[in-house]
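This report describes a sheet and the nonpolar cores of the structure shown below.

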Amino acid sequence: MSAVTCILFPVIASVAFRNFKALRSAHLRLAPFNLIIGPNGSGKTSLIEAVLRLRTLAKLPVVPAGSGETGTGPMVGPEIVIQFHPPHDGLTARMSCVSEAVCDLLVVTPAGAPGWPLLQAGIARIRSYLLDHHAMAAPAVRAEGAELAGDGGNLAAVLAHLQAVAPVEFAALSAEALRLLPEFTRFDFLTLPDGRIELGLHLATENGGHRVAAENLSQGALYLLAMLTLAFHPAPPSVVCIEEIDRGVHPRLLREVRDLLYRLSYPASFGMARAPVQVIATTHSPYLLDLLREHPEEIVISHKHGLEAHFERLADRADLPELMREGSLGDMWYSGILGGVPDE
């Protein structure tokens with residue numbers, strides 16, 4: 001395994017919470033691909049917040065284990081403990097929190113481990129997305145080496161940059177976009193007088209074509225373009241966290257969304273040699289849940305009872321064989337059989 005592969009390999013093996021918001025005592029193993037379902041306030045966003053807080057704190061100097069109150073014993077306030085995949089499975093990151101919302105101290109054990117700088121580089125490549133179609137439709141400032149912003153607000157600049165510097169990847173992205181949006185024939189980038197780039201797509205018409213500016217594209221079309229940008233980018237993040245991946249997308253296109261995310265997590269299955277990207281995604285769509293029926297190890301149910309929440313991987317349930325005989329996972333979730341629904 002090369003150094004680059006080590007950096008970009010799905011880095012997080014598990015996350016454990018103690019007294020953090022609704023996650024009073026919760027633990028979750030992470031797979032390459034993780035679809036998290038559950039009611040509001042059940043810890044889905046808290047999990048993503050913990051991963052992002054790790055990225056922030058990993059940029060700072062590491063506090064030596066055993067120094068004062070940060071020793072290897074129990075921490076006083078809320079705590080988040082993160083374990084990693086090989087070759088970094090010997091390292092543990094413990095985040096100490098001064099409240100249920102603010103974690104400001106990272107202790108890595110064992111102290112001075114030689115693998116930490118390499119792992120640190122992988123952690124720095126963690127990204128989170130809560131896409132906003134208004135932001136994605138807006139013209140963007142051209143930037144070298146642009147990557148997709150958390151809300152997708154620089155979508156036009158990233159696509160234009162890929163067209164210029166990664167023509168092979170852009171051609172593949174473009175072909176897939178036009179397959180999913182067959183009413184269009186090509187991408188078009190317009191440079192505005194102020195230097196910003198406006199994304200457009202050409203609509204096939206009897207008169208030879210009509211340009212549709214991004215602000216006039218549908219919400220679903222913009223979300224698909226953002227997903228395509230992530231999936232076909234030649235230098236993807238190490239971990240991708242996406243909230244509400246079904247937003248704005250017609251249920252019949254959710255299979256395509258799933259496959260775009262699978263392209264990140266399982267590149268070898270798509271003929272790519274790059275390292276896999278760990279995906280943590282949340283949804284409220286029973287249709288999307290049904291699309292993972294053959295992979296229960298990828299489904300995480302977030303349960304909330306009263307003020308406490310915990311995670312359960314569907315593949316770990318003793319009644320899984322019986323559940324799989326019952327039919328639609330989406331129907332069972334909606335009806336409450338799987339749990340992960342609001343208390344009544």
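Predicted model: local features only at pLDDT ≥ 70, side-chain atom pairs only at ≥ 80, totals over all residues.

## Strand 11 and its neighbours

Strand 7 is joined by 4 bridges to strand 11 (residues 239-242), and the two run parallel; along this pairing Ile 126 stands opposite Val 239, and Tyr 129 stands opposite Ile 242. Strand 11 is also joined by 4 bridges to strand 12 (residues 278-282), again in parallel, and here Val 240 has Val 279 as its bridge partner. Together with helix 8 (residues 254-265), strand 11 and strand 12 make a right-handed β-α-β unit.

In a regular strand the side chains alternate between the two faces of the sheet. Strand 11 is covered on both faces, with Val 239 and Cys 241 buried on one side and Val 240 and Ile 242 buried on the other.

## Nonpolar cores

The largest nonpolar core has 70 residues, and Phe 187, Leu 199, Leu 217, Leu 225, Leu 261 and Leu 338 are those with the most contacts inside it. Helix 7 (residues 219-232) contributes the largest share of this core, 11 residues. Leaving aside residues up to four places away in sequence, Leu 199 touches residues including Leu 155, Leu 159, Phe 187, Phe 189, Val 212 and Leu 225, as well as Asp 188 and Arg 211.

Apart from this core lies another, of 39 residues, among them Val 11, Trp 116, Ile 280 and Val 300.

Technical notes:
Residues numbered from 1 in each chain as written. Heavy atoms only, no water. Pairing = 2+ DSSP bridges. Core = buried A, V, L, I, M, F, W, Y, C linked by side-chain atoms within 4.5 Å. Buried < 20%, exposed > 50% of the residue type's maximum accessible area, 1.4 Å probe, protein only. Contact = heavy atoms within 4.5 Å. Right-handed = clockwise from strand over helix to strand, strands pointing away.
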